[in-house]
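Colleague: I'd like to learn how to read a model like this one. Can you walk me through it, feature by feature?

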Amino acid sequence: MPVSDPFHLAVQVRDIDEARQFYGEFLGCPEGRSSERWVDFDLYGHQFVCHLNPAMQDARENSHKNPVDGHGVPVPHFGIVLEMDAWQTLADKLRAHGIEFEIEPYVRFQGEPGEQATMFFYDPSGNALEFKAFKDRDGQLFRKE
């Protein structure tokens, strides 16, 4: 999906090489400009920047959890809304590589308006990610009902 107005998001990471392996090699995000202390990635057409914070500890213990569908959704989190086939491919890849899920891949509102698949996991620095997909992304992504 082409992005006409890409967002810019910057997060802190504990190790730049570790971020390159996870976002660049594993998730397949092309790398842009970089230095020893930061690296830009193309995250599905958006500018995503990892800034080095060598004092950073595992953020999972400090994140807030919001109850949704009986799960503790980590806040803050970020991610991408994919097409359903791409979401399933990513879920399968994450499972095959032994990525630990905070919330296992599942479908919410199955058979109802707003049907969507979601999964939550962490990058190596403890940043929470949600990747999701709607059965009808164009019709449901910003629908109020």
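**Hairpin, core and pocket**

Modeller: Let's start with the hairpin of E5 and E6, where 2 residues sit between the strands and Asp69 takes a positive phi near 55°. Strands (E, at least two residues) and helices (H or I, at least four) are DSSP runs, numbered from the N terminus. This is a predicted model, in which local features need pLDDT of at least 70 and side-chain atom pairs count only at pLDDT 80 or more, while totals for chains, interfaces and linings use all residues. Residues are numbered from 1 along each chain as its sequence is written, and side-chain values use heavy atoms, with hydrogens and water left out.

Colleague: How many bridges join strand E5 to strand E6?

Modeller: Two strands pair if DSSP finds at least two bridges between them. Here 5 bridges join E5 (residues 64–68) to E6 (residues 71–75), and the strands run antiparallel. Lys65, for one, has Pro74 in E6 as its bridge partner.

Colleague: Is Asp69 buried, exposed or partly exposed?

Modeller: Buried means under 20% relative accessible area, exposed over 50%, and partly exposed in between (1.4 Å probe, protein chains only). Asp69 has 45%, so it counts as partly exposed. Tyr44, in the loop between E3 and E4, also has a positive phi, near 55°, and at 38% it is partly exposed.

Colleague: What about the peptide bond between Val75 and Pro76?

Modeller: That bond is cis, with omega about 5°. Pro76 is in the loop between E6 and E7.

Colleague: Which residues have the most contacts inside the largest nonpolar core?

Modeller: Such a core is a set of buried Ala, Val, Leu, Ile, Met, Phe, Trp, Tyr and Cys residues joined through side-chain atoms within 4.5 Å. The largest one has 28 residues, with Tyr23, Phe48, Cys50, Met119, Phe121 and Phe131 having the most contacts inside it. Helix H1 gives the largest share, 5 residues.

Colleague: And how much space lies in the largest pocket?

Modeller: Rolling a probe the size of a water molecule over the atoms shows where empty space is left. On a 1 Å grid over the protein atoms alone, a pocket is an open set of points where a 1.4 Å probe fits, with protein on both sides within 12 Å along at least five of seven lines; lining residues have an atom within 4 Å of a point. The largest pocket holds about 430 Å³. Of its 18 lining residues, the closest to its centre are His46, Gly79, Ile80, Val81 and Leu82. E7 gives the most to the lining, with 5 residues.

Terms used
Points joined across faces, edges and corners; volume = space filled by probe spheres on them.
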